[in-house]
Each structure stands twice: as C-alpha cells, then as structure tokens.
Amino acid sequence: MYSKILSGTALGIDGMIITVETDISLGIPGLNLVGYLASSVKEAGERVKTAMKNSGMPIPSRKITVNLSPADVRKDGAGYDLAIAVGILLSMEIFPENEKLNSDLENTLIIGELGLDGKVLPVRGVLPIVDYAEKQGIKRVILPDENADEASFVKGIDIIPILSLEEMIGIISSGVWPDTFKPERIDTFDRTDTANDLVNVKGQETLKRGIIIAVAGFHNIIMTGSAGSGKSMIAKCIPGLMPPLTYEESMKLTKIYSVAGLLNNEMRFVSRRPFRSLNQNISQVALLGGGASPKPGEVSLANSGVLFLDEFPEFSRGIVESLRQPMEDKVINISRVKASYTFPADFMLVSARNNCPCGFYPDRKRCRCNMGEIYRYQNKISHPIMDRIDIRLEVRNVNFDELMSDEKCISSAEAREMISRARDRQLRRYKDEDFDFNSQLPQSKIDKYIHLSEGQQKSLREYYESNDISARGYFRILRLIRTIADIEDREEIWDADIIEATFYRNESEAGRNMI
C-alpha cells in the first residue's frame with residue numbers, strides 16, 4: 001500500500017516541506033530509501049527498523065520503498081526518522097481504516113529522530129521548519145518533546161510533542177489526537193552580560209559618547225589606544241546599552257540559533273541582542289558559516305547584535321578581509337552543488353586595537369617597537385575595512401586625577417535613556433520601511449530622511465574634498481549625522497551634529513595613522 005507523510009528541513013534559516021512517500025509491495029524483502037540522501041538519512045533505515053521492532057511493530061518481510069521528495073534537494077540529518085516510521089506503519093495496513101485521521105495527516109508535519117529503543121530524540125532547526133509549515137497552511141506538527149518549547153513560539157499551528165514511537169503508534173491506532181502543547185512560561189534567552197556599567201569607567205567621556213552614538217544607530221566602531229586604556233572594558237558595557245529586540249528580530253535570531261543547535265530548555269527564545277566576542281584563532285568557516293551541512297557562523301549568530309573583535313590586527317588578514325561582504329550586504333551566501341543557503345549577517349562590528357605590537361605606543365619610554373613595526377601593525381587593517389567603520393575613536397590613557405576623581409560619570413541607565421530616545425525616533429521614522437536603524441538606511445532613501453541646508457551641504461563638500469574621502473564614507477557620515485540628531489531628540493539637523501559626526505568619523509590622515 002502507498003502512503004504519504006509530510007516532514008520538513010531547514011535551508012539556511014528558511015524551512016522547506018519534504019514529502020515522505022512509502023510503498024510496500026511484493027519483491028525482494030528490504031527497506032530502500034531514495035531521494036538524494038546524505039549518509040545520515042541513508043542510515044535511517046536501520047534506525048527505523050530497530051526502533052519499530054523494539055516498539056512492538058517489526059517491519060514486514062516485503063519490499064519497502066521510501067522516497068523523500070523533491071529529489072533534487074539534498075536531505076541531511078536524522079529528522080526524517082519519525083515520518084519514515086509513520087509512513088511504513090500506515091502502508092502496513094494493520095490499523096482500522098480511519099478517514100478522519102487520514103485527512104488530518106494530510107495537514108500534519110512530522111519531525112523527529114528515532115533512537116534504537118523507539119525514543120523520539122530532538123533535532124535542530126525545528127523553528128524555521130514549523131514557521132514555514134504554518135505559512136503553508138499546515139495545521140499540526142508532531143515533534144520531539146524537547147523541541148516543543150521552541151516550536152511553540154510559532155502561532156497558529158498545533159504543537160503535539162511525543163516521547164516515543166509507541167505514543168505515535170497509539171495515536172494512529174486510536175485515531176485520537178492528544179492535547180496540544182501549551183507552554184507554562186516563556187524564558188528569555190540572554191547571552192549578554194549586563195553587570196558592567198559605564199559609571200565604573202573613569203574618564204573617557206568622549207569614548208562613552210562615541211559608544212552611545214554607535215549603539216543608538218547600530219554603527220560599526222573601532223577603538224584605537226594603548227594597552228590598559230579601557231577599550232575592552234567599554235566594549236563589555238555595550239550589551240547593557242542595547243535596545244530590546246522587536247518580535248520580528250527575535251524570531252529571525254531564534255531561527256538562526258535553532259539551525260545552529262544552540263537552543264535548549266534553558267535557552268528557548270532569543271530576546272536580547274547577542275554579543276559575540278571572537279578569538280583570534282577563529283577559522284573562516286566558524287566566522288562565516290558553512291560545512292558539509294551548512295550552519296550559521298559567528299557573523300550570523302551576532303545578527304541584530306554585536307560582533308566584538310578585540311586586538312583586531314591580531315586576526316589573520318584573510319579573516320579580517322572576509323568581513324567585507326557581510327558588512328556591506330548584511331547576509332552570507334553559501335553555495336553548494338545542489339543548493340544555496342542564505343544566513344542573515346546584520347551585525348554591529350565593535351573592534352579594538354593597540355597602536356603597536358607591544359601595546360605601549362605612543363609612550364616611547366615603554367614602547368620598544370621601531371617605526372617600521374608600528375607602521376606595519378597600524379596598516380594591517382585595510383582601507384576597505386576601515387571605510388566600512390563609521391566611528392573611529394582614538395583612546396587616550398586616563399590620568400591619575402581622573403582615575404581617583406569622585407566626579408559622577410554617565411551611567412549605563414542614563415546612556416540607555418539617550419539611546420532609547422534615538423531608537424524610538426528611528427522606529428517611528430522607518431515604520432513603513434524594511435529596516436530599523438540609521439546605519440541600515442539605503443543610499444536611495446538618504447535624501448528622503450536626511451535634509452541639509454545649503455550651508456551644511458557646503459560644509460560637507462569642503463570636508464569631502466579636503467580629506468579625499470570615498471563616496472561610501474560620505475554617505476556613512478550622513479547616517480552618523482542623522483543618529484546624532486536623534487540622540488538629541490531632534491528631527492532637524494544642526495551644524496553641531498555635522499561637526500561631531502566628522503570628528504567621530506575621523507577621516508583625516510592623522511586619524512588613519514597615529515604615527
């Protein structure tokens with residue numbers, strides 16, 4: 001007998017419906033799986049046979065053919081096991097005919113890996129599959145119990161978690177669906193450290209202001225200064241300053257973490273902007289994503305959040321230069337022979353670097369680097385990468401009086417208030433657009449949202465020509481100006497905003513090279 005069951009897979013952070021067709025007929029006994037399958041799916045035959053035997057339903061000595069379609073999409077992973085088992089059970093014709101159950105199964109998606117004892121094991125990438133299924137009109141999804149919390153964030157579809165194949169056999173034999181899953185509570189998934197507060201950072205008021213502007217508009221930033229000047233400490237304060245995610249941002253980010261297999265009962269839904277701090281020895285695959293079964297890399301895990309690269313020049317040149325495309329396009333495309341995968345990569349780059357290899361320049365009493373070493377070190381970051389960084393801060397050392405001063409510094413709470421004000425303005429301004437922050441403002445819409453007087457345009461023209469900046473750099477300055485005005489809760493742009501933006505952009509030759 002022939003049967004058809006719906007299952008699914010994740011392609012990038014999008015889902016796809018996979019049809020599992022099963023036919024049992026006369027012929028040489030055996031279980032044959034077809035449909036452009038990876039080895040992990042081909043092995044499903046042995047898992048399913050053993051799980052069914054240990055669940056009291058051994059497969060018959062007949063020719064069993066299982067086809068996973070569409071045949072031109074490579075199937076990988078163990079998430080099809082349960083659907084294959086159900087297809088075989090229905091094709092065995094051992095259960096009473098139930099037209100309602102058969103009708104319901106036409107609108108039911110089945111996902112899950114089977115253990116040899118018949119237990120249903122969790123799989124990764126459930127959220128994008130369930131979200132896609134709901135958009136396709138699927139009414140119900142049967143999945144592992146451990147994936148139920150994750151799937152429950154998709155509204156409009158019934159979630160039925162099961163623990164074992166025996167439970168699934170019970171549903172088929174009785175024709176009665178169990179109660180749908182109702183989450184008792186929603187935990188937040190928080191990967192950030194909010195223990196650091198700007199009030200604990202002595203001095204560095206210019207640096208703090210730059211950080212506030214960067215966070216408010218989601219601008220890339222680099223901090224350059226000698227070792228121990230506070231760059232890393234300031235960076236660790238950023239998670240506590242960032243505005244909350246919108247629901248759409250949270251859903252997209254949770255899909256990424258689902259595909260990466262980073263969700264569990266303690267981390268079920270990403271509700272805070274991520275802060276990903278990288279090690280200098282990271283590989284290109286770990287950074288950008290990929291592999292035989294493509295998974296998102298750090299640039300995608302940092303989507304809608306921060307990608308922090310401390311000691312920026314210590315990263316290999318290939319790693320640094322590979323950031324060009326995601327910084328510009330905000331996505332990572334991974335191509336394979338039969339499929340292409342797209343992962344979001346809309347992150348805020350926060351980087352820090354010293355002035356020289358030893359970290360003490362310009363203090364020549366302690367710095368032992370020669371001028372050639374200093375020059376080569378400072379020029380490890382190419383101009384195309386620097387051109388994509390909106391805010392470039394030179395961090396000076398804090399003197400003793402500032403360090404011991406009791407003068408009240410700006411706190412993270414006060415900074416959040418300023419950032420929230422700017423964020424609210426951006427949300428209102430871009431409510432009908434497909435972007436949220438000033439840094440994401442397309443060049444084609446800059447004239448619509450950024451209005452300069454003739455005098456301001458003349459001032460920027462002089463700055464553009466005297467500093468020989470690129471067209472990309474010019475438009476990035478305009479976005480920075482818009483953010484500064486938003487922080488001051490103004491739609492109108494003042495001359496002071498332009499002066500401050502050009503200061504933080506630091507396009508001068510002296511700003512590019514501190515020698």
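**A pocket and its lining**

Modeller: Start with the second largest pocket: 29 residues line it, and T9, A10, D76, R124 and S293 lie nearest its centre. (On a 1 Å grid over the protein atoms alone, a pocket is an open set of points where a 1.4 Å probe fits, with protein on both sides within 12 Å along at least five of seven lines; lining residues have an atom within 4 Å of a point.) The model is predicted, and totals for linings use all residues. Residues are numbered from 1 along each chain, and side-chain values use heavy atoms, without hydrogens and water.

The second largest pocket holds about 540 Å³ of space, a volume filled by probe spheres set on the points. Strands β1 (2-11) and β16 (340-344) each give at least two residues to its lining. (Strands are DSSP runs of E, at least two residues; helices are runs of H or I, at least four.) β1 has the largest share, four residues. By class, this lining has 15 nonpolar, seven polar and seven charged residues. (Ala, Val, Leu, Ile, Met, Phe, Trp, Tyr, Cys and Pro count as nonpolar; Asp, Glu, Lys and Arg as charged; the others, Gly among them, as polar.)

Now set the largest pocket beside it. Its space is about 720 Å³. Of its 31 lining residues, K330, D346, F435, S439 and Q440 are closest to the centre. Helices α10 (247-259), α14 (324-329) and α21 (471-487) are the elements giving two or more residues. α21 gives the most, four. Here the lining has 11 nonpolar, seven polar and 13 charged residues.

Definitions and conventions. This is a predicted model: local features need pLDDT of at least 70, side-chain atom pairs count only at pLDDT 80 or more; totals for chains, interfaces and linings use all residues.
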